[in-house]
Structures are given as structure tokens and as C-alpha cells.
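Welcome! Let's walk through this protein together, from its domains down to its strands.

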Amino acid sequence: MAPKAMKSKTEALTMSEAYKTVAEKMELKPKDVKGIMQSLLELSTEQVKKSGSFKLAGMLNMKLISKPATKARKGLNPFTKEPCVFKAKPASKSVKVLALKKLKEALN
């Protein structure tokens, strides 16, 4: 039997519905579940900044990707073949999230 908060496959769960579903399953208050998730977010952010990666419950691996700055350069527009200048981009950091074995097996 599916929980009341579950929607059809085309519609995603909202955060409040997800909190409510987990709260019902674990017999907690949605407010408590939200607090736990906020704490987990803070912990994962801190760990990714410190060590460069964080594994969440054996399901997800979050890695910090540092992209260097690029200089402006001349090139050809691939569609019109006209010369143009590609703008410079500042250095940036992003997080890459990879599914681990436990999550892949759960989806099959």
C-alpha cells in the first residue's frame, strides 16, 4: 500500500510531502524530520568543503569539482562559422553527485 503523499510517476514529491511521508513511516513529527534533514545538509556541506567528498548513507557520493578560470579567446561560431570572441569565465566550484551501488540496486 502506497503512502497518501505519493503522487503519480510524472509528479515529484514536494519537500513538505516528503517530510510528512518519512515522519509517518518513522513515527516522528514532520518538524523533527525537517530538523534532521537540515542537520544532514549542514554536515554534508561542511565535509565536502573540508575533504572534497561525502558519502550519504552508502547511496550517494558527493564530490567537490574545482574548475579553473578561463581567459577570453578568439574562435569560430560553430553554427555560422563567423569569427567571435568567447568570454572569460572566473574559477568556480560545483558538486558532482554519483549514485553508489546500494541506490543502483534499489532502483532495479
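## Two domains

The protein chain is divided into domain 1 (16–51) and domain 2 (53–107), with bounds that come from an automatic or database domain assignment. Residues are numbered from 1 along each chain as its sequence is written. Please keep in mind that this is a predicted model, where local features need pLDDT of at least 70, side-chain atom pairs count only at pLDDT 80 or more, and totals for chains, interfaces and linings use all residues; side-chain values use heavy atoms, leaving out hydrogens and water.

Helices (H or I, at least four residues) and strands (E, at least two) are DSSP runs, numbered from the N terminus. Two strands pair if DSSP finds at least two bridges between them. Strands of a sheet pair through backbone hydrogen bonds, either parallel or antiparallel.

Here, three strands make an open sheet in the order E1-E2-E5, with antiparallel pairing. Strand E1 (53–56) and strand E5 (92–99) are at the edges with a single partner strand each, so one side of each has no neighbour in the sheet. From one strand to the next, the twist averages 20°; axes are lines fitted to C-alpha atoms, for helices over the stretch in contact, and angles run from 0 to 180 degrees between N-to-C directions.

E1 and strand E2 (residues 60–67) run antiparallel and are joined by four bridges. Opposite Ser53 you will find Lys63 in E2. Helix H2 (residues 30–51) packs on the sheet and touches E1, E2 and E5, where contact means heavy atoms within 4.5 Å. The direction of H2 makes about 145° with that of E1.

## A hairpin

Strand E3 (residues 73–76) and strand E4 (residues 83–86) pair in the antiparallel sense through four bridges. Leu76 has Pro83 in E4 as its bridge partner. Six residues lie between E3 and E4 in this hairpin, and Lys81 in the turn has a positive phi of about 65°.

## Where the domains meet

Six residues of domain 1 are in contact with six residues of domain 2. Between them the domains bury about 520 Å², 77% of it on carbon and sulfur atoms; buried area is the accessible area (1.4 Å probe) that two parts lose on being put together, summed over both. Leu40, Ser44 and Val48 lose the most area in domain 1, together 70% of what that side buries.
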